[in-house]
Amino acid sequence: MKGTMMDYPLTLHAVLERIPNVYPGVEIVSRLPEGGIHRYTYLDFYRRARSLAEALQRAGLSSGDRVATLCWNHYAHLEAYFGIPAAGGVAHTLNLRLHPRELAFIVNQAEDRFLIVDEVLLPLFEQFRGEVNLDRVFVISHGKKAQPAGYEDYETLLAQAKGEFDYPPVSETDAAAMCYTSGTTGNSKGVLYSHRALILHALAFSLPDVFCVSQHDVAMALAPMFHANSHGLPHVAVMLGCKLVLPGRQLDAISLLTLFEQEAVTIATAVPTVWMSVLDALEGGAEGSVCPWRIAPNFRAFVGGTAAPESLIRRMDARGIRMIQVWGMTETTPVATCSTLKAHMRDWPEDERYRVRARQGRALPFTEIRVVNDQGEAPWDGKTMGELHVRGAWTASSYFRAPETADRWTADGWLRTGDIATIDPEGYMQIADRAKDLIKSGGEWISSVDLEAALMAHPDVREAGVIAVRHPKWDERPLAVVVLRPGTTANVEALRSFLSGKFAKWQLPDDFVFLDELPHTSTGKLSKLELRKRFAEWKWKETAQPSG
Ligand code: ADP
């Protein structure tokens with residue numbers, strides 16, 4: 001028997017249409033790529049997003065057509081997030097940190113029809129313009145009078161709207177957005193987000209047991225809007241009507257801390273490297289000096305994308321910033337697990353609580369996880385490792401037009417993540433490594449993530465990467481590549497003895513290399529691929545050997 005409830009579709013249209021009556025006057029604040037602050041209200045945003053939708057329809061957009069964006073985080077990008085799906089189109093965010101060749105491949109594979117691009121990014125677009133076949137290109141110049149020759153102006157496009165917009169028929173399972181995986185471990189592949197997935201993800205994201213977001217929050221969409229929907233925060237903010245802050249392209253710690261203070265930001269999401277630089281700035285003052293930035297007392301920093309070392313979570317706490325770790329992928333919209341504590345853990349000893357918070361966490365409602373190895377599904381004992389599988393209401397079931405990738409999904413419908421993990425008896429998952437980053441030494445596995453987290457707990461270490469390097473006898477051995485904090489002097493012996501109490505001897509890196517900087521990917525993650533390439537010819541000293 002069917003329930004007697006209405007069949008009310010979960011769409012971004014419903015999110016938009018709530019704005020004029022419920023929170024028209026709340027602010028959206030953007031730092032423009034050209035500099036300067038832009039402010040307007042949700043009502044302004046609502047009108048312009050609808051104008052964009054109408055203008056795109058007048059420009060010939062059909063349902064399902066892809067409209068690409070090549071933009072920093074700001075109000076016009078947000079208009080594209082909602083205006084394109086309102087017109088029945090798919091908002092395809094392009095990663096502006098990719099190589100032009102890669103961008104051309106992605107635009108062509110996605111068959112993007114239109115492009116909305118920041119004027120400051122035209123030099124990048126010019127590098128692959130000749131290789132793509134876009135019908136029209138609209139340039140955002142943020143109200144500047146003179147337009148670049150040969151392009152159409154975004155504001156002129158919006159002005160085509162006559163206020164006669166009607167939503168085309170849409171099903172909640174239709175695609176609203178598209179994002180390509182950043183290709184950290186292979187070729188980029190397209191993920192298509194349905195309206196329903198975006199809405200359910202936003203609802204689950206906001207839950208008290210997850211990030212506990214409400215209209216009282218001031219949200220900063222700090223993760224790039226081209227990377228996994230800026231971790232979902234723009235959709236959450238618009239759904240709840242939180243004041244939203246968009247930081248443009250100035251992502252250095254001082255610019256961020258200035259915005260946190262000026263706009264009284266209470267939540268932001270970012271990869272660990274961004275939080276590390278914020279923390280360095282906060283800790284930068286002389287011992288005992290008063291921190292020059294005021295951070296809202298209820299500020300929560302969401303961290304994901306790579307493992308957040310426990311030392312980072314502790315140091316953030318010491319500065320009054322509560323850090324919450326999430327795990328997810330472009331394929332999971334992206335948040336799938338979250339490491340908030342359960343009620344009975346409140347009274348646990350502090351060290352134990354930090355250990356739990358440094359795990360990647362419990363699956364959100366409507367998301368399931370399991371760990372599978374050669375023996376089958378692993379017990380939830382916190383020890384047995386295997387590949388992490390995920391399925392749920394906002395997990396992709398295929399890539400866009402890539403039938404050759406069908407084996408990323410199991411016969412029983414789970415996504416193989418490529419991550420190696422354990423799940424403890426409380427249901428908290430912990431990533432040991434990406435399968436490609438695990439170090440296979442003498443038939444045993446060594447977790448590079450564990451070694452990196454332990455190294456980063458050393459007061460002199462700013463960042464560390466541990467990679468597998470080929471070894472004639474042991475197959476692979478770990479090499480640690482370390483960036484020290486300015487003015488510090490830790491050496492190989494000091495780091496080795498710091499680690500030795502925490503790991504078996506055979507797990508310790510055989511050597512340490514000191515660099516001024518580590519390579520990062522287009523989404524700010526440590527690039528192990530690049531490190532492995534750089535140290536592929538590394539020559540081990542004779543002593544390298546796993547013993548004990
Ligand atoms: P890419 O694979 O190109 O990095 P994504 O940005 O989609 O693309 O990254 C997903 C991957 O990021 C996950 O499979 C996992 O390896 C890693 N990841 C995400 N969050 C975490 C986390 N909290 N801890 C450890 N690894 C993480």
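Reply: The buried residues of H5 pack against strand S3 (66-70), strand S4 (90-93), strand S5 (112-118), helix H6 (122-126) and strand S8 (175-180). This is a predicted model. Helix H5 spans residues 100-110, and its buried residues are Pro100, Leu103, Ala104, Ile106, Val107 and Ala110. Seen down the axis of H5, these residues fall within an arc of 165 degrees, so they line one face of the helix. H5 lies across S3, S4, S5 and S8. Its direction runs at about 150 degrees to that of S8. Just after the helix comes Glu111, with a positive phi of about 55 degrees.

Now the sheet. It is open and has 7 strands, in the order S7-S6-S5-S3-S4-S8-S9. The pairing is mixed. Strand S7 (152-153) and strand S9 (190-194) stand at the edges. Each has a single partner strand, so one side of each is left without a neighbour in the sheet. S3 and S5 run parallel and are joined by 5 bridges. Ala68 stands opposite Leu115 in S5. Helix H4 packs on this sheet too, touching S3, S4, S5, strand S6 (136-140) and S8. The direction of H4 makes about 145 degrees with that of S4.

Between S3 and helix H4 (75-86) there is a loop, and His74 sits in it. His74 has 0% relative accessibility, so it counts as buried. Leaving aside neighbours within four places in sequence, His74 is in contact with Ser30, Pro33, Asp118, Ile140, His142, Met225 and Leu246.

Next, a helix pair. The axes of helix H8 (residues 195-206) and helix H9 (residues 233-240) come within 9 Å and cross at roughly 80 degrees. That makes H8 roughly perpendicular to H9. H8 contributes Leu198, Ala202, Leu203, Phe205 and Ser206 to the contact. From H9 come Leu233, His235, Val236, Met239 and Leu240. By class, the contact has 8 nonpolar, 2 polar and no charged residues.

Last, another sheet. This open sheet of 5 strands has the order S18-S17-S19-S20-S21, with antiparallel pairing. Strand S18 (376-377) and strand S21 (429-434) stand at its edges, each with a single partner strand, so one side of each lacks a neighbour in the sheet. Strand S20 (residues 415-423) pairs with S21 in the antiparallel sense over 5 bridges. Asp419 has Arg434 in S21 as its bridge partner.

Definitions and conventions. Residues are numbered from 1 along each chain as its sequence is written. This is a predicted model: local features need pLDDT of at least 70, side-chain atom pairs count only at pLDDT 80 or more; totals for chains, interfaces and linings use all residues. Side-chain values use heavy atoms; hydrogens and water are left out. Two strands pair if DSSP finds at least two bridges between them. Helices (H or I, at least four residues) and strands (E, at least two) are DSSP runs, numbered from the N terminus. Buried means under 20% relative accessible area, exposed over 50%, partly exposed in between (1.4 Å probe, protein chains only). The arc is that of the directions from the helix axis to the C-beta atoms. Contact means heavy atoms within 4.5 Å. Axes are lines fitted to C-alpha atoms, for helices over the stretch in contact, and angles run from 0 to 180 degrees between N-to-C directions. Angles under 35 degrees count as roughly parallel, over 145 as roughly antiparallel, 65 to 115 as roughly perpendicular and the rest as oblique. Ala, Val, Leu, Ile, Met, Phe, Trp, Tyr, Cys and Pro count as nonpolar, Asp, Glu, Lys and Arg as charged, and the others, Gly among them, as polar.
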